[in-house]
Amino acid sequence: MFNPEPRIQVMAIGPHHACCVIDDALRKPEKLVAYADAYREDFAEAPRHAYPGCEMYLPESFTALVDDFFRLHLRRLLGARRTLRMESRLAMVTRAPDELGPPQWLCRRDRLTSGPDQRGVVAEAYLFHDAALGGTHFFLPRASARQTDQVLHDARTLPADAFTARHGLRPGYPATSNEHFEHVLTVPAKWNRMVFHGDEVFHAPAITHPGRLPTDPRQGRLTLRAFFTCSRNLVPW
């Protein structure tokens, strides 16, 4: 299913983080598109303040193949050891800016671990040909950890109008720097490109044409998303 000899490009996300970018990641990516099309009725809308669209969980047999690829080629580069748990999904960004909740006006990080001895990793593969549907933006927080946590908490708990009044942010996909986060990198979309990064990294889909988000898996912003919780590599080698 996956390329047995991937070429991995490591791209810096500021001074302390990086992502791994792999082109031609899947040997037959069109099979996943066909699967998504055949089972399109199994896609379900994500909770309003979570993923801005619909998702479908993939079977454990496929998830094991994703884990094999990660184990063989990416795990050491991202400071991880044994996979403790993981899941994989097909997903489509479908929501217009005025349908987003405040947490989606901000970049996000995926908290996958429960302690310092664990390492979380996130992966996404682009399964669409139209690069204008958008890749991935990466951001760094501009404020202290406490201030950043407060902004994220307010996004989850305040009504939209109150959040705008307090923080000056309005509905829309995050695309540029603001007083809370600095935009530092965009990985452009490319058919069959896959991006891996740590769960502590702030990111957002690079949606620059929100009017072009069809719900048809063969034409929309279809991605493969995977989430790994691993033991941490305690000794770097």
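Reader: Which residues do ring pairs link into a cluster?

Author: A pair of aromatic rings is described by the distance of the centres and the angle of the planes. Rings of Phe, Tyr and Trp (its six-membered ring) pair if their centres lie within 6.5 Å; planes under 30 degrees apart count as stacked, over 60 as edge-to-face and the rest as tilted. Here, Phe-2, Phe-62, Phe-69, Phe-70, Phe-196 and Phe-228 are joined into a cluster by such pairs. The model is a predicted one, in which local features need pLDDT of at least 70 and side-chain atom pairs count only at pLDDT 80 or more, while totals for chains, interfaces and linings use all residues. Residues are numbered from 1 along each chain as its sequence is written, and side-chain values use heavy atoms, with hydrogens and water left out.

Reader: How many aromatic pairs does the structure hold, and how is the pair of Phe-69 and Phe-196 described?

Author: There are 10 aromatic pairs in the structure. Phe-69 and Phe-196 form a tilted one, with 6.3 Å from centre to centre and 40° between the planes. This pair links distant parts of the chain, since Phe-69 belongs to helix H2 (residues 60-73) and Phe-196 to strand S9, 127 residues apart. Helices (H or I, at least four residues) and strands (E, at least two) are DSSP runs, numbered from the N terminus.

Reader: Are Phe-69 and Phe-196 buried or exposed?

Author: Buried means under 20% relative accessible area, exposed over 50%, and partly exposed in between (1.4 Å probe, protein chains only). Phe-69 has 3% relative accessibility and therefore counts as buried; Phe-196, at 0%, counts as buried too. The rings of Phe-70 and Phe-228 have centres 4.1 Å apart and planes at 25°, so this pair is stacked. Phe-70 lies in helix H2 and Phe-228 in strand S11, 158 residues apart, and the pair thus links distant parts of the chain. Both Phe-70 and Phe-228 are buried.

Reader: How should I read a sheet, and in what order do the eight strands stand?

Author: Two strands pair if DSSP finds at least two bridges between them. Eight strands form an open sheet with antiparallel pairing, in the order S1-S2-S9-S6-S11-S5-S4-S3. Strand S1 (8-13) and strand S3 (44-45) stand at its edges with a single partner strand each, so one side of each has no neighbour in the sheet. Six bridges join S1 to strand S2 (residues 17-22) in the antiparallel sense, and Gln-9 stands opposite Val-21 in S2. At the S3 end, two bridges connect S3 and S4, which run antiparallel; Ala-44 has Glu-55 in S4 as its bridge partner. S4 pairs with S5 in the antiparallel sense over five bridges, and Met-56 has Leu-90 in S5 as its bridge partner. Strand S4 (residues 53-57) is mostly covered, with four of its five residues buried.

Reader: What is the order of the three strands in the other open sheet?

Author: The order is S8-S7-S10, again with antiparallel pairing. Strand S8 (181-187) and strand S10 (202-205) are the edges, each with a single partner strand, so one side of each is left without a neighbour in the sheet. Strand S7 (residues 136-141) pairs with S10 over four antiparallel bridges, and Phe-139 stands opposite Phe-202 in S10.

Reader: How is a pocket found, and how much space lies in the largest pocket?

Author: Rolling a probe the size of a water molecule over the atoms shows where empty space is left. On a 1 Å grid over the protein atoms alone, a pocket is an open set of points where a 1.4 Å probe fits, with protein on both sides within 12 Å along at least five of seven lines; lining residues have an atom within 4 Å of a point. Grid points are joined across faces, edges and corners, and a volume is the space filled by probe spheres set on the points. The largest pocket holds about 740 Å³ of space. It is lined by 36 residues, of which Ala-50, Arg-108, Arg-109, Asp-110 and His-203 are the closest to its centre. Among the elements that give two or more residues to this lining are helix H4 (145-157), strand S9 (194-198) and strand S11 (221-232).

Reader: Where does Asn-192 lie, and is Asn-192 buried or exposed?

Author: Asn-192 is placed in the loop between S8 and S9, and with 4% relative accessibility Asn-192 counts as buried. Its phi is near 65°, a positive value in a residue other than glycine.
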